[in-house]
Amino acid sequence: MGEISMRKELIGLQQAEDYIRNQNLKEAIEILKKLAIKNAENGRIAFDLGTIALLQEEEEIAIKYFEKAMEKKYFAYDIYINMAEAQNRKGCLLVAENNYKEAIKRANDIEEKWMALTLYVTFCIHHHMYLKAEKIVEQLIKEYPNNYEGYHLFYLILLGRKQFLKAEKYLNQIENKFC
């Protein structure tokens, strides 16, 4: 593939992803179909199609696209985030959890790592896995001490454990830190 073709493909992918972010899924699908015909080996195209399927609550289809993207050597951290969400919706909690862990490992920068940790904690809280959630929150607070989210998630863990007095006291402490 020549440099001009690669540039056009990249522009097309960016446009499709803008459409996805803006929920214009039909337009995104049309672009991605055309790109897939020109370059069937681009894993990012499969990832984007999987993302669309996930947004449309078609978890089985999404998983197939994510697996296809991985077969094509697309291993960005967000594929693991989206795969975790799809598996979570299907009730495959262990597979979802492993995908969150992989997303944390594959995060390329502090924002991606923060996002992966935060989503993993939220997943654990949702499924009443408070011990795991607490360990992850400790890491989140240690690595991002000036970010409110980790402290708030710990507060939610305390509420989930029905430790209401401790949660109230903790909330007062973090209010003093951030207000």
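How many salt bridges does the count come to? The count comes to eleven salt bridges, a salt bridge being a side-chain nitrogen of Lys or Arg within 4 Å of a carboxyl oxygen of Asp or Glu.

## Basis of the description

This is a predicted model, in which local features need pLDDT of at least 70 and side-chain atom pairs count only at pLDDT 80 or more, while totals for chains, interfaces and linings use all residues. Residues are numbered from 1 along each chain as its sequence is written, and side-chain values use heavy atoms, with hydrogens and water left out.

## Salt bridges

Arginine 44 forms a salt bridge with glutamate 17, with the closest N and O atoms 2.6 Å apart. Arginine 44 lies in helix 3 and glutamate 17 in helix 1, so this pair ties together parts that are 27 residues apart in sequence. Helices are DSSP runs of H or I with at least four residues, numbered from the N terminus. Glutamate 17 is buried, at a relative accessible area of 14%, whereas arginine 44 is partly exposed, at 22%; buried means under 20% relative accessible area, exposed over 50%, and partly exposed in between (1.4 Å probe, protein chains only).

A second pair is formed by arginine 89 and glutamate 59, at 3.1 Å from N to O. Arginine 89 belongs to helix 5 and glutamate 59 to helix 4, so the bridge ties together parts that are 30 residues apart in sequence. Salt bridges that share partners join Glu59, Glu85 and Arg89 into one network.

## Aspartate 48

Aspartate 48 lies in helix 3. This residue is buried yet has no salt bridge; the nearest side chain of opposite charge, arginine 44, is 4.6 Å away. In assigning charge, Lys and Arg count as positive and Asp and Glu as negative, while His and the chain ends are not counted. Leaving aside neighbours within four places in sequence, aspartate 48 is in contact (heavy atoms within 4.5 Å) with Leu13, Glu17, Ile20 and Leu32.

Just after helix 5, glycine 91 takes a positive phi of about 90 degrees.

A nonpolar core is a set of buried Ala, Val, Leu, Ile, Met, Phe, Trp, Tyr and Cys residues joined through side-chain atoms within 4.5 Å. The largest such core has 45 residues, of which Ile79 and Tyr170 touch the most other members. A second, separate core of eleven residues includes Leu25, Leu32, Leu35 and Ile52.

Methods: Helix = DSSP H or I, 4+ residues; strand = E, 2+ residues; numbered from the N terminus.
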